[in-house]
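Please open the structure in a viewer and keep the selection tool at hand. The stops below are to be visited in order.

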Amino acid sequence: MKLTNEIKLVIAKSGAENKWLPLWMHGTDTVNVMIELIHRRYSSLSELCGMPFGAFKKTAVLLAYLHDIGKITPLFQSQILKSLPERRSLMEHYGIPRIPENFIDKGKSHHTKCGETILLDLGFPKGFSSIVGAHHGMPAENLASHIEKYSPHFYGIPAKREFWKRLYIEWINYSMEQAGFTDIS
(Lines give C-alpha, C1' and ligand atoms only; values in the text may rest on other atoms or scores of the structure.)
Protein backbone atom coordinates (compact mmCIF):
# COMPACT_ATOMS: atom_id res chain seq x y z
CA MET A 1 0.00 0.00 0.00
CA LYS A 2 1.35 3.38 -0.99
CA LEU A 3 0.80 6.25 1.44
CA THR A 4 -0.88 9.47 0.27
CA ASN A 5 0.93 12.80 0.36
CA GLU A 6 -1.35 13.92 3.19
CA ILE A 7 -0.27 11.12 5.56
CA LYS A 8 3.36 11.48 4.50
CA LEU A 9 3.27 15.11 5.64
CA VAL A 10 1.96 14.37 9.14
CA ILE A 11 4.66 15.42 11.60
CA ALA A 12 5.63 13.19 14.54
CA LYS A 13 8.59 15.14 15.96
CA SER A 14 10.37 18.43 15.48
CA GLY A 15 13.80 19.70 16.36
CA ALA A 16 16.12 22.66 16.05
CA GLU A 17 16.67 24.46 12.75
CA ASN A 18 13.24 23.58 11.32
CA LYS A 19 13.97 19.86 11.29
CA TRP A 20 11.07 17.46 11.50
CA LEU A 21 10.35 13.75 11.37
CA PRO A 22 7.24 12.47 9.57
CA LEU A 23 4.98 10.00 11.34
CA TRP A 24 5.53 7.26 8.75
CA MET A 25 9.28 7.41 9.30
CA HIS A 26 8.94 7.53 13.10
CA GLY A 27 6.64 4.50 12.91
CA THR A 28 9.14 2.61 10.76
CA ASP A 29 12.01 3.48 13.11
CA THR A 30 9.96 2.34 16.10
CA VAL A 31 9.13 -0.95 14.38
CA ASN A 32 12.80 -1.63 13.65
CA VAL A 33 13.72 -1.02 17.29
CA MET A 34 10.80 -3.20 18.43
CA ILE A 35 11.92 -6.10 16.23
CA GLU A 36 15.49 -5.86 17.53
CA LEU A 37 14.29 -5.81 21.14
CA ILE A 38 11.98 -8.78 20.63
CA HIS A 39 14.69 -10.88 19.07
CA ARG A 40 17.60 -9.85 21.30
CA ARG A 41 16.06 -9.30 24.72
CA TYR A 42 12.37 -10.06 25.02
CA SER A 43 11.67 -13.23 23.05
CA SER A 44 10.19 -14.87 26.17
CA LEU A 45 7.47 -12.21 26.47
CA SER A 46 5.32 -14.13 24.01
CA GLU A 47 5.12 -17.00 26.51
CA LEU A 48 4.22 -14.61 29.35
CA CYS A 49 1.44 -13.24 27.16
CA GLY A 50 0.28 -16.73 26.22
CA MET A 51 0.84 -16.09 22.53
CA PRO A 52 2.82 -17.94 19.89
CA PHE A 53 5.99 -16.01 19.06
CA GLY A 54 4.84 -15.12 15.52
CA ALA A 55 1.52 -13.69 16.69
CA PHE A 56 3.23 -11.79 19.50
CA LYS A 57 5.75 -10.28 17.09
CA LYS A 58 3.03 -9.21 14.63
CA THR A 59 1.06 -7.59 17.45
CA ALA A 60 4.14 -5.79 18.77
CA VAL A 61 4.94 -4.52 15.27
CA LEU A 62 1.38 -3.25 14.85
CA LEU A 63 1.58 -1.49 18.22
CA ALA A 64 4.88 0.08 17.19
CA TYR A 65 3.30 1.49 14.04
CA LEU A 66 0.12 2.68 15.77
CA HIS A 67 1.53 3.94 19.08
CA ASP A 68 1.51 7.56 17.86
CA ILE A 69 -1.67 7.56 15.77
CA GLY A 70 -2.90 10.34 18.08
CA LYS A 71 -0.29 12.61 16.52
CA ILE A 72 -2.31 12.66 13.30
CA THR A 73 -4.95 14.82 15.03
CA PRO A 74 -5.34 18.50 14.15
CA LEU A 75 -4.69 19.26 17.83
CA PHE A 76 -1.23 17.66 17.84
CA GLN A 77 -0.36 19.02 14.40
CA SER A 78 -1.34 22.56 15.47
CA GLN A 79 1.01 22.36 18.45
CA ILE A 80 3.98 21.03 16.48
CA LEU A 81 3.39 23.50 13.64
CA LYS A 82 4.04 26.35 16.07
CA SER A 83 7.72 25.47 15.84
CA LEU A 84 7.53 24.75 12.08
CA PRO A 85 5.37 27.53 10.61
CA GLU A 86 6.61 27.03 7.03
CA ARG A 87 5.24 23.46 7.07
CA ARG A 88 1.69 24.76 7.51
CA SER A 89 1.49 26.18 3.98
CA LEU A 90 3.10 23.05 2.52
CA MET A 91 0.49 20.88 4.25
CA GLU A 92 -2.31 23.06 2.90
CA HIS A 93 -0.78 22.98 -0.59
CA TYR A 94 -0.91 19.16 -0.56
CA GLY A 95 -4.53 18.97 0.56
CA ILE A 96 -4.48 19.02 4.35
CA PRO A 97 -7.24 21.38 5.48
CA ARG A 98 -6.29 24.51 7.37
CA ILE A 99 -5.52 23.43 10.91
CA PRO A 100 -6.76 25.77 13.64
CA GLU A 101 -3.96 27.39 15.62
CA ASN A 102 -5.72 27.35 18.98
CA PHE A 103 -7.92 24.80 20.69
CA ILE A 104 -10.06 24.98 23.81
CA ASP A 105 -9.09 22.47 26.54
CA LYS A 106 -6.07 21.23 24.58
CA GLY A 107 -4.63 19.70 27.75
CA LYS A 108 -7.53 17.23 27.83
CA SER A 109 -6.32 15.36 24.74
CA HIS A 110 -2.71 14.21 24.99
CA HIS A 111 -1.74 12.34 21.81
CA THR A 112 -1.75 9.04 23.71
CA LYS A 113 -5.34 9.56 24.86
CA CYS A 114 -6.34 10.58 21.33
CA GLY A 115 -4.63 7.49 19.93
CA GLU A 116 -6.50 5.15 22.24
CA THR A 117 -9.78 6.93 21.50
CA ILE A 118 -9.27 6.72 17.72
CA LEU A 119 -8.51 3.01 17.87
CA LEU A 120 -11.53 2.30 20.08
CA ASP A 121 -13.75 4.38 17.80
CA LEU A 122 -12.57 2.36 14.79
CA GLY A 123 -13.23 -1.02 16.41
CA PHE A 124 -9.92 -2.07 17.98
CA PRO A 125 -10.10 -4.14 21.18
CA LYS A 126 -9.84 -2.23 24.44
CA GLY A 127 -6.77 -4.14 25.64
CA PHE A 128 -4.82 -3.35 22.47
CA SER A 129 -5.98 0.28 22.39
CA SER A 130 -5.13 0.84 26.04
CA ILE A 131 -1.47 0.03 25.34
CA VAL A 132 -1.41 2.92 22.87
CA GLY A 133 -3.16 5.10 25.45
CA ALA A 134 -0.61 4.31 28.15
CA HIS A 135 2.60 4.27 26.12
CA HIS A 136 3.95 7.33 27.98
CA GLY A 137 2.97 5.84 31.33
CA MET A 138 -0.34 7.66 31.70
CA PRO A 139 -3.29 5.27 31.43
CA ALA A 140 -6.35 7.03 30.05
CA GLU A 141 -9.70 7.10 31.79
CA ASN A 142 -13.22 8.11 30.81
CA LEU A 143 -12.85 7.72 27.06
CA ALA A 144 -16.46 6.74 26.35
CA SER A 145 -17.45 10.19 25.06
CA HIS A 146 -14.03 11.78 24.61
CA ILE A 147 -14.18 11.97 20.79
CA GLU A 148 -17.62 13.64 20.95
CA LYS A 149 -16.76 15.99 23.81
CA TYR A 150 -13.53 17.16 22.19
CA SER A 151 -14.31 16.59 18.50
CA PRO A 152 -12.32 19.68 17.34
CA HIS A 153 -9.19 17.98 18.74
CA PHE A 154 -9.81 15.02 16.41
CA TYR A 155 -11.37 16.70 13.36
CA GLY A 156 -10.59 20.43 13.45
CA ILE A 157 -13.79 21.85 12.06
CA PRO A 158 -16.91 19.68 11.64
CA ALA A 159 -16.82 19.91 7.84
CA LYS A 160 -13.43 18.14 7.80
CA ARG A 161 -14.43 15.15 9.96
CA GLU A 162 -14.30 12.69 7.06
CA PHE A 163 -10.89 13.95 5.92
CA TRP A 164 -9.27 13.30 9.31
CA LYS A 165 -11.07 9.99 9.74
CA ARG A 166 -9.72 8.94 6.34
CA LEU A 167 -6.18 9.74 7.50
CA TYR A 168 -6.65 7.65 10.66
CA ILE A 169 -7.98 4.74 8.60
CA GLU A 170 -5.20 5.07 6.04
CA TRP A 171 -2.53 4.90 8.76
CA ILE A 172 -4.26 1.91 10.38
CA ASN A 173 -4.56 0.05 7.06
CA TYR A 174 -0.93 0.72 6.19
CA SER A 175 0.21 -0.36 9.66
CA MET A 176 -1.85 -3.54 9.55
CA GLU A 177 -0.53 -4.44 6.12
CA GLN A 178 3.08 -3.84 7.20
CA ALA A 179 2.55 -5.92 10.35
CA GLY A 180 0.92 -8.78 8.41
CA PHE A 181 -2.69 -8.37 9.59
CA THR A 182 -5.77 -8.51 7.39
CA ASP A 183 -8.32 -7.58 10.08
CA ILE A 184 -8.44 -6.33 13.66
CA SER A 185 -10.00 -9.36 15.32
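Select I38 first: beyond the residues up to four places away in sequence, I38 touches S43, F53, F56, K57 and A60, where contact means heavy atoms within 4.5 Å. The model is predicted, so local features need pLDDT of at least 70 and side-chain atom pairs count only at pLDDT 80 or more, while totals for chains, interfaces and linings use all residues. Residues are numbered from 1 along each chain as its sequence is written, and side-chain values use heavy atoms, with hydrogens and water left out.

I38 is found in helix 2; helices here are DSSP runs of H or I with at least four residues, numbered from the N terminus. I38 counts as buried because its relative accessibility is 2%, buried being under 20% relative accessible area with a 1.4 Å probe and protein chains only.

Next, select M34, A60, L63, A64 and I131, which lie nearest the centre of the largest pocket among its 20 lining residues. A pocket is an open set of points on a 1 Å grid over the protein atoms alone, with protein on both sides within 12 Å along at least five of seven lines, and lining residues have an atom within 4 Å of a point. The volume of this pocket is about 400 Å³, a volume being the space filled by probe spheres set on the points. Helix 2 (23-40), helix 4 (53-66) and helix 8 (126-133) each give two or more residues to the lining. By class, the lining holds 15 nonpolar, 5 polar and no charged residues. Here Ala, Val, Leu, Ile, Met, Phe, Trp, Tyr, Cys and Pro count as nonpolar, Asp, Glu, Lys and Arg as charged, and the others, Gly among them, as polar.

Move on to helix 5 (residues 74-81) and helix 6 (residues 85-93), whose axes come within 8 Å and cross at roughly 135°; axes are lines fitted to C-alpha atoms over the stretch in contact, and angles run from 0 to 180 degrees between N-to-C directions. To show the contact, select Q77, S78 and L81 of helix 5 with P85, R87, R88 and M91 of helix 6.

Finally, select H146 in helix 9 (residues 146-149). H146 is buried, with a relative accessible area of 3%.

Technical notes. Buried < 20%, exposed > 50% of the residue type's maximum accessible area, 1.4 Å probe, protein only. 1 Å grid on protein atoms, 1.4 Å probe; cavity = no way out; pocket = protein on both sides within 12 Å on 5 of 7 lines; lining within 4 Å.
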